[in-house]
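Q: Could we go through how the strands and helices pack in this model?
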Amino acid sequence: MSNLLSKLNNEQVAATIHKNGPAVVLAGAGSGKTTVLTSRVSWLIEKRNISPYSILVVTFTNKAAKEIKERILKLTGHILPWSGTFHSFCAKILRIDGDQIDLGKNFVIYDSADQISLIKNIYKEFNFDKEEFNIKAVQTAISSAKNELLSNEDYQQIASGTFQNHIARVYKIYQHKLNKASAVDFDDLLSKTLNLLKTSKETREKYQRMFEHVLIDEYQDTNKAQYELTKILSAPQDNIFVVGDFCQSIYAWRGADYKNMLQLKKSFPKIKEYKLEQNYRSTQNILDAATEVISQNTSHPILKLWTTKQAGSKITCYEANSGKGEAKQVIKFIKTHQKKFDYGNFAILYRTNAQSREFEEALIGGGIPYRLIGGTKFYERKEVKDLIAYLRFSVNRDDIVSYQRILKLGQRRFANFMSWLEKTKITNTAAEILKEILEVTKYIDKFKRDTEENITKKENVEELLNVATQFDNVSQFLENIALIQDNQFADKGDANENNYYVNLMSLHSAKGLEFEVVLMVGMEDGLLPHSRSLMDNDQMEEERRLCYVGITRAKSYLYLTYSRSRFQYGTNISAIRSRFIEDIPKQLLNLELEPKKYKVNREAREGALGYNINGGNYDGGFNKKPIKPTRRIVVDEDLLDGVLAGDFDIDKLIES
């Protein structure tokens with residue numbers, strides 16, 4: 001342990017060896033928050049002799065949970081039995097004690113796609129108009145209500161207006177059908193666990209006695225239900241240790257509330273605060289730019305990041321004439337560093353996924369391989385979802401969503417499957433059951449023809465079998481799938497798993513990752529900050545935090561690009577440079593401009609060539625009586641001299 005502490009800075013050591021009682025660690029981007037979390041757990045086990053079974057560590061992604069478990073194992077030789085995401089932890093509690101709130105142990109977990117399917121079924125059954133009431137919007141509203149701990153009865157009481165009254169009606173039917181199918185959705189995992197702990201004193205005290213220390217990562221991303229859970233679980237010892245950063249709270253749209261970190265001071269008046277401001281990732285110029293941008297926020301504390309690294313290169317700010325010109329220049333910037341870094345060290349970050357098209361085309365045109373982070377996930381591919389439906393129905397005959405899916409795969413296939421199911425006990429391993437299902441349904445026959453698409457589908461089936469071999473039974477396999485595939489808390493994978501590809505992703509997807517070269521594109525008011533946030537201060541602050549997250553992904557080089565105009569709705573629309581660029585001191589920026597294209601009228605070409613440069617008129621000396629051009633334009637003097645000297649063909653300067 002002394003060797004471990006010697007590798008930490010003073011602030012990290014102070015947080016690691018924190019005594020009993022509540023603590024909050026404000027950990028800036030790249031400041032080693034995971035190091036502190038794992039060091040703290042190791043310290044508790046090695047120096048305080050706390051049993052690993054008495055420590056609960058909660059994260060937001062399976063990737064983070066896995067990383068923490070592996071680090072603890074390496075540091076202490078102990079496995080953490082209670083370490084995982086909020087959702088996996090709650091699922092475990094409900095499997096053990098859910099019967100106390102009338103939840104059977106064989107419940108299935110509906111992911112986002114299943115929820116949409118169920119709501120579609122409700123629309124069909126009750127003849128609701130999906131044009132009038134968007135299904136996805138209804139699903140989001142129900143999820144938001146559950147995150148705020150509003151039951152369908154609660155929601156019905158406060159609903160006002162046509163849309164909310166419609167949601168209240170769908171919510172009631174939706175919850176009834178979930179209960180009937182012995183199913184829960186992701187939001188239910190949290191709310192039902194909270195309900196269990198609140199209503200059963202015996203269960204609550206059992207887990208409170210079990211967990212002497214509760215540690216939570218990314219606390220700025222907690223919602224109301226998660227906040228309440230951590231308060232209950234950490235009582236009565238109040239040994240709660242949370243790590244987070246106000247400046248990186250960017251998920252308000254899915255219920256996350258950074259104010260929970262402020263609320264901790266009210267819930268735990270004696271809470272000890274630690275600050276991690278030394279950054280181990282970026283150059284000082286990048287950190288200064290990030291600090292200047294985020295310092296405009298006034299609703300939460302700001303950390304001032306610093307590093308022992310050199311100042312580094314200035315931040316390049318590039319102004320393009322068009323979206324196409326911006327994309328072309330981004331490719332040039334990438335090629336500038338191509339010899340120094342593998343492609344996996346580059347990331348193109350954008351505010352909306354729709355922005356990716358221009359850059360995809362430019363990358364293809366430039367012969368640069370890329371990968372789009374956030375495409376169709378493995379568990380959402382049709383053939384994979386089909387086989388999961390067979391497996392889910394195998395262990396839960398009440399699962400209406402899976403029933404309807406497999407029914408659509410063909411009557412004969414369905415009949416063979418049901419016949420097999422009637423005489424089979426689902427006790428074998430997940431892989432063995434899946435192989436049997438493939439055999440009796442002849443599912444693979446759907447891809448007999450060796451087209452490129454069918455080959456890919458068969459490879460996906462084979463990969464699903466590979467995953468299934470890692471689980472002893474079908475229930476474990478299905479639970480794992482449900483926990484890792486949910487859209488809200490999806491893992492992004494290792495940014496460097498394949499250095500052959502340039503990474504394209506949204507700013508939201510970039511959180512938690514880092515790259516040598518970051519290119520933040522579309523830096524315009526209306527894109528970043530997004531147009532929806534321009535009139536709302538809370539939303540504007542969230543946009544600024546999103547910009548901060550993007551900037552702090554960069555290790556060595558940062559490019560901010562934008563366009564003077566964008567082609568939208570069939571016409572070129574003028575764009576305004578993002579106000580976030582204006583927040584960055586000019587001495588940190590290197591401004592580059594794409595040469596402007598000029599329209600030169602033929603009257604001026606034939607005669608006097610009238611230009612307006614710094615207020616002066618140039619006639620070129622071709623005529624004693626200069627002809628007044630029909631349009632005055634601004635050009636730089638080098639271009640003008642070239643035209644007058646005959647170095648440029650004016651016809652070629654005319655914009656197409």
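A: To begin with a term, two strands pair if DSSP finds at least two bridges between them. Helices (H or I, at least four residues) and strands (E, at least two) are DSSP runs, numbered from the N terminus. This is a predicted model, in which local features need pLDDT of at least 70, side-chain atom pairs count only at pLDDT 80 or more, and totals for chains, interfaces and linings use all residues. Residues are numbered from 1 along each chain as its sequence is written, and side-chain values use heavy atoms, with hydrogens and water left out.
Q: What is the strand order in the open sheet of seven strands?
A: The order is β11-β12-β10-β13-β14-β9-β17, with parallel pairing.
Q: Which strands stand at the edges?
A: β11 (370-372) and β17 (589-593) do; each has a single partner strand, so one side of each is left without a neighbour in the sheet.
Q: And how many bridges join β10 to β12?
A: Four bridges join β10 (residues 346-350) to β12 (residues 502-506). Ala 347 stands opposite Asn 503 in β12.
Q: Turning to helices, at what angle do α19 and α20 pack?
A: Helix α19 (residues 411-422) and helix α20 (residues 430-441) pack at about 135°, with axes 8 Å apart. Axes are lines fitted to C-alpha atoms, for helices over the stretch in contact, and angles run from 0 to 180 degrees between N-to-C directions.
Q: Which residues of α19 meet α20?
A: Arg 413, Asn 416, Phe 417 and Trp 420 in α19 meet Ile 433, Glu 436, Ile 437, Val 440 and Thr 441 in α20, where contact means heavy atoms within 4.5 Å.
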